[in-house]
Amino acid sequence: MATVPAELARRAAIVDAALRPAVAPALDRVRSLHPSLAPWADELDGMLAAGGKRLRPALLLLGHAAVAPDEDEARVLPAALALELLHTCALLHDDLLDDARTRRGRVTAHVRFAATHRESGWAGDAERYGAAAAVLVGDLAFVAADDLFLGADVPAARLLTGMRAFTVLREEVMAGQALDVQAAAARLTDRDLALTIATAKSGRYSVARPLEIGALLGGADATTAAAIAAAVEPLGRAFQVRDDLLGVFGDQGTTGKSAAGDLREGKRTLLVAEAAARLAPDERDELESLLGDPTLDEDQVARARDLLASSGGVDATRAWVDDAVGRGLAAVADLDIDPAARATLTELGAWLAGRDA
């Protein structure tokens, strides 16, 4: 089983240790506004305490090291923390959109706040209150991310360029999420659309843009930073497509999320598109009838998995991941960056191809 590259794991540990202390002042400011806001601040702190891979901030630090290996990475740590805080915002909103009940071993925010509403006997609809709370806690994380990013200790010109790239990252991930929601609602099973979603939602968000932002903060010119992003974008797409496989066939105890959730939500992933293209018409119609049904029982989930696998869709998707990783690694080999950073990116490719969480 492939493991996260040691240099990324080391950087992720640095991020993990620094994250909650860095966000604490913002949460204290919220708590000071009114005592009833404490649970809202506590929810965000609880999300951060629950852990995570911290992949995106670790890659930002690696992008900085790739172009400025002799510069202290601590100077750009605040920007890396901002990426993780943005990701926390995305998770809070994703859990609401997907009606997920747990995340990283804890009850999700919208479920927790809805329960508080019911137990307190408050007026109005508990589920609506829970949804509003989850959105607003996510918004708090989104705003605090900007404050953290601006704390990076780099020249003003670098900081401005990095912040602009951070904005592009946010635009892309929101666009990818919007396409994901629309594709599921409209039942758009299309290979090209699935890859567009994988690119915007994760290919750039999870891998390419964090490295690009780190390089820009390290003083790389726009051409060099863009070349780094372009080289690793196939690795990012592989990350998302592999994630889609794990969302259906992964071990729930390892991935930390339901292995039936993507089926019940009707996500139109590359896996679904590859399977649909290979199924006979009657089986394709059966798969379509199962996707997006929130009431799927375990037998129906098993049948959907069987259709995805027996069609050859799983094998085709795995082959696509392997090909994308190969293309990404070939491009990484040609990058004019620090050799140690290049070696870590090469290890990253091997992990992406075989990760199980």
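Student: How many aromatic pairs does a search of the whole structure find?

Tutor: The search turns up 6 aromatic pairs. Keep in mind that this is a predicted model.

Student: How do I read the geometry of a pair, say Trp40 and Tyr129?

Tutor: Look at the angle between the ring planes: over 60 degrees counts as edge-to-face. Here the planes of Trp40 and Tyr129 stand at 85°, with the ring centres 6.3 Å apart, so this pair is edge-to-face.

Student: Which parts of the chain does that pair tie together?

Tutor: Trp40 belongs to helix α2 (residues 38-49) and Tyr129 to helix α6 (residues 126-149), so the contact ties together parts 89 residues apart in sequence. Ring pairs also link Trp40 and Tyr129 with Phe113 and Trp122 into a cluster.

Student: Where does the charged end of Arg170 sit?

Tutor: For a charge over a ring, check the distance to the ring centre, which has to be within 6 Å, and the direction relative to the ring normal. In this model the charged end of Arg170 sits over the ring of Phe166, 4.1 Å from its centre.

Student: And what about Asp323, in which helix does it lie?

Tutor: Asp323 is part of helix α15 (residues 313-333). Its relative accessible area is 43%, so it is partly exposed. Asp323 and Asp42 are 281 residues apart along the chain, and their C-alpha atoms are separated by 43 Å.

Notes
Residues are numbered from 1 along each chain as its sequence is written. This is a predicted model: local features need pLDDT of at least 70, side-chain atom pairs count only at pLDDT 80 or more; totals for chains, interfaces and linings use all residues. Side-chain values use heavy atoms; hydrogens and water are left out. Helices (H or I, at least four residues) and strands (E, at least two) are DSSP runs, numbered from the N terminus. Buried means under 20% relative accessible area, exposed over 50%, partly exposed in between (1.4 Å probe, protein chains only). Rings of Phe, Tyr and Trp (its six-membered ring) pair if their centres lie within 6.5 Å; planes under 30 degrees apart count as stacked, over 60 as edge-to-face and the rest as tilted. A charge sits over a ring if NZ of Lys or CZ of Arg is within 6 Å of the ring centre and within 35 degrees of the ring normal.
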